[in-house]
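Subject: Structure handover

Hello,

Here is the structure for your files. My notes on the ligand site follow below it.

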Amino acid sequence: MGYPLAEEEPYQKQNIKMAKKRIVSGMRPTGKLHLGNYEGALKNWVRKQDQYDCFFFVADWHALTSDYADTARFRENSLAMVTDWLAAGLDPERATIFIQSLVPEHAELHVYFSAVTPLGWLERVPTYKEQRENITDKDLGNYAFLGYPVLQAADICMYKADYVPVGLDQVAHVELTREIVRRFNNFYGDIFPEPESLLTETPKLTGTDGRKMSKSYNNTIELADTPEMLQAKVRQMITDRTRVRRSDPGHPEACDVCQMHRLFVSKEVADQYDADCREARGGCVDRKKALADSLITYLAPVTERLNYYRAHPDEVHDIVITGSKRAREEAGRTMADVRRAMNLSWV
Ligand code: TRP
């Protein structure tokens, strides 16, 4: 009513922002991502951008907890991963994309959280016990590795996240974050909301050799694979081993190609192919061709953006610098609250 539009607009914008719930999530800088990573976490992040106020970051300090002996490729891997994020459709206009180590406030909050976290909580974290037992090619006997989930709690709370989109393996870390928040708030007042996991259903993709798709097995389909490479990779994939001749009835449920094809076409199309397979109307070569075609179509827009960003590495660099500045402003506000609450504020 009579207010000048110029004032009304930013006010409304602010309101929209405040109404959106906030999510925070990170990935360790593993370098290039493959189709399995895309189908798992990444596609889900992309979808969340409309609905939530998103903070997505490269957890390079988390990589440090186990890979401290070899940091040579940290930066390169971080940039390669963000390049893939952008290719997947993360939008720096809508999501804050940043590098953890460029926001040193995370380390400060980690110190405060480490004070209120009993050792027993950390020793009981399932991923900790599991990895100490199973990973033998790295030293995990360091202080930082035990504190891994405390650092994660700092990442999440720094932005006062409502939700944390993660896979099942990370739910225990979000639980621990909630416990740390409760204990912290008990001592110093209500500073942090208790974040909740937003469980991502992650179809486990099978690699081209029949094992779980994983960089370390060298069996991945890459976001950047050309149509020729996709065709060649799909050709090597394993179909129903019991179907020797084309005239034998097939078992799509026991076929890597059929299973993967189903993920990239409509249910109707997959059902039709499955029926043809069972009744020996369609052969494995046809199904492989159909899978390769579906992957080519599916990945085309991603590959196109990927090629763009690979040709413009400076742009990727600028995006993470700008995002990290934005994250740092937010982090500064949180830390001012925290310091005040903890009687550590001198100004
Ligand atoms: N631990 C997570 C993983 O290995 C990565 C991570 C670090 C993270 N900090 C986070 C995820 C904060 C969500 C929120 O996948």
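Predicted model: local features only at pLDDT ≥ 70, side-chain atom pairs only at ≥ 80, totals over all residues.

A polar contact here is a pair of N or O atoms within 3.5 Å.

Y148 places a polar side-chain atom 2.7 Å from a ligand nitrogen. For Q170, an N or O atom of the side chain is 2.9 Å from a nitrogen atom of the ligand. On its own, the ligand has 360 Å² of accessible area, and the protein covers 92% of that.

Now the shell. The ligand is surrounded by 13 residues. R28, Y148, Q152, D155 and Q170 are the closest. By class, the shell holds six nonpolar, five polar and two charged residues.

Which elements each supply at least two residues of the shell? They are β1 (22-27), α9 (148-158) and β4 (163-166). Of the elements, α9 gives the most, with four residues.

One item on a separate residue, R75. Helix α4, residues 74-88, contains R75. Is R75 buried or exposed? R75 is exposed: its relative accessible area is 60%, and exposed means over 50%. R75 also pairs up with I99 in a distance check. The two are 24 residues apart in sequence. Their C-alpha atoms are 9.8 Å apart in space.

Best regards

Key. Residues numbered from 1 in each chain as written. Heavy atoms only, no water. Near = heavy atom within 4 Å. Polar contact = N/O pair within 3.5 Å; in protein donor to acceptor, adjacent residues only side chain to side chain. Areas by Shrake-Rupley, 256 points an atom, 1.4 Å probe, with all protein chains shown as cover. Nonpolar A, V, L, I, M, F, W, Y, C, P; charged D, E, K, R; others polar. Buried < 20%, exposed > 50% of the residue type's maximum accessible area, 1.4 Å probe, protein only.
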